[in-house]
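Subject: Structure for your review

Dear colleague,

Please find below the structure that I am handing over to you.

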Amino acid sequence: MTTPAHTNRLKNETSPYLQQHAHNPVDWYPWGPEALEKAKREDKPIFLSIGYSSCHWCHVMAHESFENEETAKLMNELFVNIKVDREERPDIDAIYMKSVIALTGHGGWPMSVFLTPQQEPYLGGTYYPPEPKFNRPGFPQILQQAADIYRNQKDRMKSVSARLMEKLTTPPPIPQGQGAGADALIPQAVELMKEKFDETYGGFGSGMKFPEPMLYTLLLRHWQKREDNDSILMADKSLTKMAEGGMYDQLGGGFHRYSTDRKWLVPHFEKMLYDNALLARLFVEMAQATKQEIYERIAREVFHYIGREMTSPEGAFYSSQDADTDAGEGHFFTWTLKEVLDLLGPRHAKVFARVYGITATGNFEKRNVLHVAETMEKVSDAEGVPIFEVDHIIRNGRQTLLEARARRQNPGRDNKILTGWNGMMITAFAAGAAAFRDRVYRDHAVKAARFLWDTMWKDGNLFRVYKDGQVRVDGCLEDYAWFVEALLGVFEATGEVEWIDKAQAVADALIEQFWDKKDGGFFMTGAGQEQLITRLKNPEDEAIPSANGVAALALARLGRLTGKDVYFEKGRDTVRAFTDRIEHRPTAYTSLLAAMDFIESLPMEVTISGPEDDPQYGKLMEAVYADYRPDKLVVRYSGEAVVRRVPWAEGRGPVSGKPTVYVCRQGTCYPPVHDAEVLMNQMGRPPHIKLNIFDEEKSMKDLESKEQANFLNAMNNIFKHSGLGRK
């Protein structure tokens with residue numbers, strides 16, 4: 001094995017992202033006292049580089065600049081160089097991301113920030129090329145500029161730094177709100193979404209598309225509670241297009257990070273655990289709401305992907321998969337028409353290519369991102385092939401291509417385990433277990449939750465990162481909030497009281513360590529954790545839901561379950577702390593809006609009891625979860641142990657020894673029932689979905705676009721000598 005020419009301090013880190021840079025010629029330090037004290041002692045500015053292991057442009061900048069001997073020499077002479085994995089330290093990332101946005105108007109990764117030895121930012125940006133291009137200065141020029149400002153332009157540096165610190169520490173002025181509630185604010189948010197909704201392709205806006213599951217979750221909630229038909233149609237169109245597009249891995253399951261175009265066609269190919277957790281749960285809920293097969297199928301495929309490729313031997317979930325291999329970005333996931341022909345043969349390849357939009361010219365760097373271009377019914381009719389045979393060709397073709405893909409160099413995987421992201425995935429598996437009555441999903445949720453409890457929860461404190469047998473980094477608000485949510489999900493999926501006890505223990509620590517006693521709401525970092533230049537409190541949704549929103553809803557649910565006012569009041573007070581901001585810009589706070597809606601409503605309380613091995617128990621449980629009801633609380637009665645935790649379950653045991661369900665809704669408690677149909681009437685039927693037939697016809701016409709005409713021409717040319725022309 002060749003000995004690396006360079007090795008720096010990152011060699012001792014467990015983060016895969018930091019290890020990727022351990023043999024750069026740059027004298028990298030991890031964030032910590034050694035680097036920060038060196039900067040003060042030597043009066044050197046800090047170059048702070050923040051990224052993550054599956055970030056494509058992080059890899060590009062590393063190859064172009066951090067592996068370059070001359071650039072590294074310049075960095076080592078002028079700066080103390082610090083590398084941070086944003087996934088391990090979201091607190092550091094959040095502070096300096098706000099700084100970069102204030103400086104440049106946009107953010108992203110890799111993040112490149114120049115700091116004083118006191119950690120105050122004064123210059124920064126994102127990706128810098130090795131020489132000037134893309135209307136960006138070259139990285140060596142930026143290094144010289146940053147060093148010159150620090151050495152020779154102290155007044156300018158102090159002025160910029162002071163302005164940035166003010167932005168970081170002083171919230172922007174927000175007009176005082178009117179104290180509006182969810183019944184007013186959620187319709188406002190939905191109307192704003194309607195204005196930006198892409199009627200043709202779904203999603204919002206006309207450029208690149210992000211999954212934004214929090215928006216669709218709010219649309220679902222609005223539809224269910226206020227019977228707004230437009231909301232469910234927006235969600236349905238968007239999620240169907242997303243699932244049929246290239247942003248979804250049509251062979252292996254799982255969603256890529258985002259779409260680079262309006263049509264959900266060409267993605268950035270990295271796969272993140274948090275995206276797949278949030279989307280899997282959303283697709284479960286859409287399956288409940290719409291009863292459409294596509295939503296259950298996609299949710300199950302995501303769960304299968306996570307189980308197959310993203311689950312550790314301990315049962316917890318890995319963080320991400322790269323976009324890149326040695327063959328280039330996205331190569332692993334894309335295909336040429338020739339590759340498909342060689343694998344499937346001409347006849348099957350033609351059918352497969354039509355369904356998945358595979359052409360000779362491709363749609364991404366002369367290769368094809370698979371997407372659903374035509375329905376199997378349409379291909380069956382056009383090719384004169386029975387629909388069952390088309391289905392057989394597609395199923396076998398997917399499996400054949402998936403097996404062939406597995407023989408390629410696989411993208412790198414970030415094997416660290418993050419508590420918060422695992423909480424999201426546990427919550428999704430628990431939701432899938434309940435909705436689909438799937439024991440495998442329940443086992444996934446239980447095993448991962450037990451790993452987090454046994455490994456990450458130590459003496460009343462929660463840790464964030466596990467890698468190579470080591471537990472590191474104090475948990476942030478995201479970790480505590482999602483762990484409470486996950487534990488409540490496992491309690492509901494199993495009925496085992498240990499999980500609600502654990503949820504209360506974590507909730508107590510969350511309140512004690514993160515609550516802002518002065519202004520309300522939760523800080524991102526705990527009171528006893530490392531003190532950075534400021535202590536942020538982020539209520540806005542970003543790539544993942546606001547941790548304040550998640551905490552508010554989880555605490556309110558815990559309070560409703562246990563009857564303990566301290567939890568419900570903290571959830572309510574969290575929402576109140578940000579009400580003015582929510583009124584000012586409601587679509588930025590959809591997680592807090594969902595919490596507000598729950599808090600201001602009377603939940604549906606459902607208690608199911610009786611022998612679980614009785615077939616009628618299963619039928620009743622299916623009825624409990626048949627429909628989407630976001631404010632439903634479900635308890636499995638098993639005697640006094642449950643009643644001690646959930647007082648309202650008292651007296652709700654089985655009647656005559658038979659499976660029995662008790663429902664309380666809108667302040668009314670109904671008689672116990674044994675019949676699923678009667679139970680569903682007690683719970684109330686969901687709103688009727690009125691399909692917009694005009695839109696459905698329009699979406700069919702969209703499939704017959706110019707791109708499809710080009711596709712068919714190309715296919716006819718390829719197959720004209722095969723004797724397999726259109727019948």
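This is a predicted model: local features need pLDDT of at least 70, side-chain atom pairs count only at pLDDT 80 or more; totals for chains, interfaces and linings use all residues.

The chain contains 29 helices and 20 strands. Its radius of gyration is 27 Å, close to the 27 Å that the globule rule gives for 727 residues, so the chain is as compact as a globular protein of that length. Along the principal axes, the C-alpha atoms fill a box of roughly 85 × 75 × 50 Å.

Of the 727 residues, 60% count as buried. Among contacts with a separation of 6 or more, 69% are between residues 24 or more positions apart. The accessible surface comes to about 29,400 Å², and carbon and sulfur atoms account for 49% of that surface. The chain carries 89 positive and 102 negative charges, whose mean positions are 1 Å apart.

Strand β2 covers residues 46–51, and six of its six residues are buried, so β2 is largely enclosed by the rest of the structure. Ile46, Leu48 and Ile50 point one way from this strand, while Phe47, Ser49 and Gly51 point the other way.

Strand β2 is paired with two strands, β3 and β4. With β3 (residues 80–85) it runs parallel, joined by six bridges; with β4 (residues 111–115) it runs antiparallel, joined by five bridges. Phe47 illustrates both pairings: it stands opposite Asn81 in β3, and its bridge partner in β4 is Phe114.

With kind regards

How values were computed
Residues are numbered from 1 along each chain as its sequence is written. Side-chain values use heavy atoms; hydrogens and water are left out. Helices (H or I, at least four residues) and strands (E, at least two) are DSSP runs, numbered from the N terminus. The radius of gyration is taken over C-alpha atoms; the globule rule is 2.2 Å times the number of residues to the power 0.38. Buried means under 20% relative accessible area, exposed over 50%, partly exposed in between (1.4 Å probe, protein chains only). Contact means heavy atoms within 4.5 Å. Accessible areas come from the Shrake-Rupley method with a 1.4 Å probe; for residues, only the protein chains shown count as cover. Lys and Arg count as positive and Asp and Glu as negative; His and the chain ends are not counted. The place of a charge is taken as NZ of Lys, CZ of Arg, CG of Asp or CD of Glu. Two strands pair if DSSP finds at least two bridges between them.
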